[in-house]
Amino acid sequence: MAGSERSGLPQGTAGWAKALLAQQLPALARTAQGISECARDDDTSGTDLAALILRDAGMTTRVLRLASSRLHNPHGQRIRTVSRAVALLGFDVVREIALGIAVLDVLGGRHAGCAQAAAEAARALRTAVQARALAELAGIDAPEEVFIAALLQDIGHLAFWSVVPQWLPEWRQDAAQSPLQAAQRVRTDIDLDLDDLSLVLNAELRLSPLLVGDADTPGRLAAGLARRWVDALEPGGRREDFDHALAEAAKAFDLDAAVLRDQVAAQAKQGDTLVDELFDPAVRALLPVPRRLDEPGHDAPAAPARADAALGLDVLRDLAELQASGRADPGVALSMVMEGLQRAAGFDRVLFALLSPDRSELRLRSALAAQRQAFAAPFPVALRDCGHLLDLLTRPRVQHLTATAPDTGRWLPRLGAREALLGPLVVDGRVLGLLHADRAVSGDAIDHDARTLFALLLQQANLALGHVK
């Protein structure tokens, strides 16, 4: 349906820009302009930046939390004040943290509950991390300005999806897509080009000098190239697109392609860490899972997993100690459980999927597999295609699925497995999602010992989830 056929919606790029500038963007503009001006004013001190952040109690708390995280403070130095964060981490790092938080708060779906808004914000953060690293490697002046330009270059995408719950409520509960797929949907359904909207908004807001000047400057080129390889690593992205963008960056900045590729892989992990730190767990669960650059290609042989009973006992002991400490982090516990299933129980592939809020589909949250992209490709999976899968998950025991029984529709064929174990993840008696484990790579049968360890690790996962309030 074209935009002109939807009553009550703004019309065209100019109409959407006017509406967003009047409603959604003034708060971001005030905060972002203040933060940006801190860097452009030679007389500004760390005290001025700290004072700006301290005006917002919520931002202060989150800046301190992120400044104290492993990403920015790997040695665990004590940071209790914004001023100390500036002193230890540096003016530019704290400014980037504050601006990222401002964008996320206003446009990142934290309050609106729109999965695509969160996905767009995650894309912006990952792109900004990659662009800054590219600027530093290429010797581009002011890499912190490149970070800001990369963060804001797709502000039209961010702003549009932040108002979807209000203006297009029927889209609110839709699962997040890759940003490229989402932009195509907007073009098709309401005849709006989000890239054009970004150009207009950046010209009006002028939050980054790089985004309103010459399009061929090194900083703007770095921001655009970083976005291209972030998009190529999204679900549905193409490896050849990544390779082309990488080659273009290496040529443009006279860099060694192998060195650049290694840096992109390292910065992808940094970007994931930043997303994990800034997004609440419930929001992270809605995000598409990006492909890791160091995953083997489709033709690479995958070594089958081997069971290790001694390691299984170690994992169970570590999980028990985590529970006994009274400080069990569900994310850490689930990571330990999944690693235990793969390395100790000998499963080739393990995944953790969450039910959508309307309980109509399963969305991938995390996966361990040599061919992770192919394993993640079927998600989200509609429960209507999975027979009695949800009914099975309401039973408090491990389900051993085979190609013939029990009836779970196309669950196994979708994942390319002939046999698997499934277990429900439960909070307060309500099914939250599932753990799946199979040996589809090796083709080995799932034996009694593997089923026993799966059941024990599933129990530990549910104990950890019981700490979620």
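Biologist: What makes the charged end of R439 count as sitting over the ring of F347?

Modeller: In this predicted model, the charged end of R439 is 5.3 Å from the centre of the F347 ring. The cut-off is within 6 Å, together with an angle within 35 degrees of the ring normal. R439 is listed as sitting over the ring of F347.

Biologist: How many aromatic pairs does a search of the whole structure find?

Modeller: The search finds eight aromatic pairs. One of them is formed by W16 and W167, with 5.3 Å centre to centre and 65 degrees between the planes.

Biologist: Why is the pair of W16 and W167 called edge-to-face?

Modeller: Ring centres must lie within 6.5 Å to pair, and planes over 60 degrees apart count as edge-to-face. The values for W16 and W167 are 5.3 Å and 65 degrees, so the pair is edge-to-face.

Biologist: Which parts of the chain does the pair link?

Modeller: W16 is in helix α1 and W167 in helix α10, 151 residues apart.

Biologist: How do you know that F160 and W171 form an edge-to-face pair?

Modeller: Their centres are 6.4 Å apart and their planes are at 65 degrees. F160 lies in helix α9 and W171 in the loop between α10 and α11, so the pair ties together parts 11 residues apart in sequence.

Biologist: Why does W171 count as buried?

Modeller: Buried means under 20% relative accessible area. W171 has 4%, so W171 is buried.

Biologist: Which charged end sits over the ring of W171?

Modeller: That of R185, 4.0 Å from the ring centre.

How values were computed: Residues numbered from 1 in each chain as written. Predicted model: local features only at pLDDT ≥ 70, side-chain atom pairs only at ≥ 80, totals over all residues. Heavy atoms only, no water. Phe/Tyr/Trp six-rings, centres within 6.5 Å; stacked < 30°, edge-to-face > 60°. Helix = DSSP H or I, 4+ residues; strand = E, 2+ residues; numbered from the N terminus. Buried < 20%, exposed > 50% of the residue type's maximum accessible area, 1.4 Å probe, protein only.
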